[in-house]
Amino acid sequence: MWEIVRESIPQLLSAGFKYTIPLAIISFAIGLVLALLSALTRLSQKSGAFLILKAIVRFYVWLFRSTPLLVQLFIVFFGLPYLKIKGILPHGVRMHPFTAGIITFSLNTGAYASETIRASISAVPVGQWEAASAIGMTRLQTIWRVILPQAFRIALPPLSNSFISLVKDTSLAASITIMEMFEVSQQIAAENYQPLLMYSLVAVIYALFTSVLSYLQGWLEHYFNHEVNAKKVNS
Amino acid sequence: MKLTNINKSFGDNHVLQDISLDFPEHKTTVMVGPSGSGKSTILRSLNLLGMPDSGHYDFDDFHLDFSQKITNKQKLAVRRSTGMVFQDYNLFPNHTVLGNVIEGPTQVLKQPREQAIATAKDLLNKVGLSGYEKHYPNQLSGGQAQRVAIARALAMHPKYILLDEPTSALDPELEQEVLRVLLQLAHEKQSMVVVTHNMIFAQRVANKIIFVEHGQILYDGDPKEFFSPDNPNERIRKFIASMTMKNL
Ligand SMILES: Nc1ncnc2c1ncn2[C@@H]1O[C@H](COP(=O)(O)OP(=O)(O)OP(=O)(O)O)[C@@H](O)[C@H]1O
Ligand SMILES: [Mg+2]
């Protein structure tokens with residue numbers, strides 16, 4: 001048994017570092033940008049044409065939060081090639097599985113994180129907006145200099161949780177032929193007929209990855225909150 | 001600084017009822033009145049944090065008509081010429097004391113950092129907080145935090161400073177250290193509008209008193225007459241008596 005473990009660990013880890021981790025990191029980065037833009041759009045007080053943009057953003061967030069991630073992956077990878085439009089898209093939308101994975105995971109993470117960021121921005125006391133306005137800051141300055149830094153601290157724990165979930169959810173990418181860890185474990189299990197061992201092994205590796213992330217999360221929270229939590233020196 | 005025929009409603013609540021007031025330059029105007037009378041609403045009209053429904057506002061070169069749309073540019077310009085000190089300080093928790101004071105000068109006035117820091121240090125010295133530059137707001141007592149807020153407002157060199165119950169959140173000893181700073185500013189002829197429930201302080205600092213009740217101005221003028229036991233207005237005499245009792 002140890003023989004099998006020793007042989008498969010390098011294969012699993014290599015799949016992890018080659019696909020699972022990049023998939024998670026890239027999707028999360030793009031997702032965060034999408035989330036920030038979505039949250040700011042939805043919180044904006046602008047009217048006119050902006051209302052259309054707001055409606056689009058609301059639809060996007062609703063769509064990705066109300067459908068299963070696995071179904072989203074299938075639509076993007078297996079479904080879109082059949083989206084044929086005469087003249088414009090004669091061959092449908094075809095992409096590399098990794099690209100399809102990145103697009104779906106990014107959009108999915110963006111939808112969830114936009115709600116997190118929106119809630120965190122709303123959690124910053126209204127007095128902070130007023131204090132910034134009172135010294136003559138523009139709305140954009142207020143958001144960048146005063147509100148987002150505070151919202152970020154509030155958002156850090158839930159965003160870290162989203163990232164940890166994303167790392168685990170990348171296992172769904174096995175279903176669209178990406179050679180990530182879970183897919184590799186399935187292939188090994190099919191060869192050596194040791195499904196219990198192989199799936200347990202891959203579970204341990206996921207747990208290892210996410211534990212490291214949890215540790216980093218704790219460290220980040222400590223780092224970004226040190227001034228806010230600084231010990232009272234007087235009074 | 002002058003408000004003319006100001007009206008403001010929140011729903012059916014007619015909070016300011018056609019009030020007209022002027023706030024003389026280089027003087028301290030104190031606004032008093034029962035809770036919910038509209039003092040904060042008036043103060044917030046002066047830096048356009050709250051917009052009246054109608055009326056006129058003349059301040060420096062600004063002549064605003066609240067029944068027209070006030071542009072963002074006008075709002076920013078008025079806010080740059082007024083400083084505001086809030087009851088609960090509203091310091092930026094993610095910035096140090098120094099960071100709080102230089103935020104406006106560097107970001108809004110685009111002053112060079114060194115210049116802003118030099119001014120900030122002078123101001124912190126003035127409010128008695130030299131040496132606290134690197135502290136964060138949550139490391140300060142309420143009285144210290146409020147003095148930082150005053151320094152932050154002064155750093156913009158505003159024409160007027162607006163203070164909304166600046167000591168209401170403070171214990172009496174801490175209140176005194178803030179009031180001392182305000183008395184000093186009054187002495188230096190800084191134009192101020194102060195809302196306060198502290199009648200002893202009001203009597204000491206005011207060049208002009210405004211008494212607000214139910215969104216109307218019941219008194220607007222000389223503090224001596226206002227605080228005199230012979231004030232013919234019984235409502236005002238009762239108000240002062242009740243507030244003074246509270247302060248004791
Ligand atoms: N944002 C708001 N929405 C609805 N009503 C409001 C709002 N702000 C103030 N009011 C109402 O307007 C009236 C005047 O409020 P304001 O805050 O100006 O009173 P105040 O004199 O400052 O009272 P206090 O001494 O308690 O601070 C009150 O009846 C209050 O309930
Ligand atoms: Mg008030």
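A polar contact is a pair of N or O atoms within 3.5 Å; within protein, one must be able to donate a hydrogen and the other to accept it, and residues adjacent in sequence count only if both atoms are side-chain atoms. The model is predicted, with local features requiring pLDDT of at least 70 and side-chain atom pairs pLDDT 80 or more, while totals for chains, interfaces and linings use all residues. Residues are numbered from 1 along each chain as its sequence is written, chains are lettered from A and ligands numbered from 1 in the order in which they are written, and side-chain values use heavy atoms, with hydrogens and water left out.

**View 1. Polar contacts of ligand 1 with chain B.** A polar side-chain atom of B:Thr41 lies 2.5 Å from an oxygen atom of ligand 1, and a polar backbone atom of B:Gly36 is 2.7 Å from a ligand oxygen. For B:Ser37, a backbone N or O atom is found 3.2 Å from an oxygen atom of ligand 1. Of the 630 Å² that ligand 1 exposes when taken alone, the protein buries 59% (Shrake-Rupley method, 1.4 Å probe).

**View 2. The shell around ligand 1.** Ligand 1 is surrounded by 13 residues, the closest being B:Ser35, B:Gly36, B:Lys39, B:Ser40 and B:Thr41 (a residue is near if one of its heavy atoms lies within 4 Å). Strand S2 (13-22) and helix H1 (39-46) of chain B each supply at least two residues of this shell, and H1(B) gives the largest share, three residues. Helices (H or I, at least four residues) and strands (E, at least two) are DSSP runs, numbered from the N terminus.

**View 3. Helix H6 of chain B.** The 16 residues of H6(B) (residues 172-187) should span 22 Å at 1.5 Å a residue, and the end C-alpha atoms are 22 Å apart, which agrees (the expected span is 1.5 Å times one less than the number of residues). Among the buried residues of H6(B) are B:Val178, B:Leu182 and B:Leu185 (buried means under 20% relative accessible area). Their cover includes helix H4 (113-126), helix H5 (142-154) and strand S8 (191-195) of chain B. Just after H6(B), B:Lys189 takes a positive phi of about 65 degrees.

**View 4. Chain A.** Chain A has eight helices and zero strands, and its C-alpha atoms fill a box of roughly 70 × 65 × 25 Å along the principal axes. Of its 235 residues, 44% count as buried.

Terms used: Buried means under 20% relative accessible area, exposed over 50%, partly exposed in between (1.4 Å probe, protein chains only). Contact means heavy atoms within 4.5 Å.
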